[in-house]
Amino acid sequence: MSQWSSAKAKRVLAALLRIGWQIKRSTGSHKVLSRQRWNDTTFAFHDNQEI
């Protein structure tokens, strides 16, 4: 059993934006996130998808 619970992608993205990530560019459900001193990361989930 995992210690992590599941959450909707929309909620996870909102949390990432609150802690300092920014959307660099977006195409459909694929969003490239950037943050200072971190590598760019692709967030590729639809808003209602459970992750």
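In which sense do strand 2 and strand 3 pair, and over how many bridges? In this predicted model, the two strands pair in the antiparallel sense, over four bridges.

Begin by selecting residues 30-34, which make up strand 2, together with residues 41-44, which make up strand 3. Within this pairing, Leu33 stands opposite Thr41 of strand 3. Next, select the six residues that lie between strand 2 and strand 3 in their hairpin. In that turn, Arg37 has a positive phi of about 70 degrees.

Now turn to strand 1, residues 22-27, which runs antiparallel to strand 2 and is joined to it by five bridges. Select Ser26 and Lys31, which are bridge partners. Two residues lie between the strands of this hairpin, where Gly28 takes a positive phi near 60 degrees.

Return to strand 2 as a whole. Four of its five residues are buried, so the strand is largely enclosed by the rest of the structure. Select Val32, a residue of strand 2. Val32 has a relative accessible area of 12% and is therefore buried, the cut-off being under 20%. Its contacts beyond four places in sequence include Gln22, Ile23, Asp40 and Thr41. Thr42 is ten residues from Val32 along the chain, yet their C-alpha atoms are separated by 4.5 Å.

Finally, select Lys31. Lys31 is buried yet has no salt bridge; Asp47, the nearest side chain of opposite charge, is 4.7 Å away. Leaving aside neighbours within four places in sequence, the residues in contact with Lys31 include Leu13, Ile23, Arg25 and Phe43.

Methods
Residues numbered from 1 in each chain as written. Predicted model: local features only at pLDDT ≥ 70, side-chain atom pairs only at ≥ 80, totals over all residues. Heavy atoms only, no water. Buried < 20%, exposed > 50% of the residue type's maximum accessible area, 1.4 Å probe, protein only. Lys, Arg positive; Asp, Glu negative; His and termini not counted. Salt bridge = Lys/Arg side-chain N within 4 Å of Asp/Glu carboxyl O. Contact = heavy atoms within 4.5 Å. Pairing = 2+ DSSP bridges.
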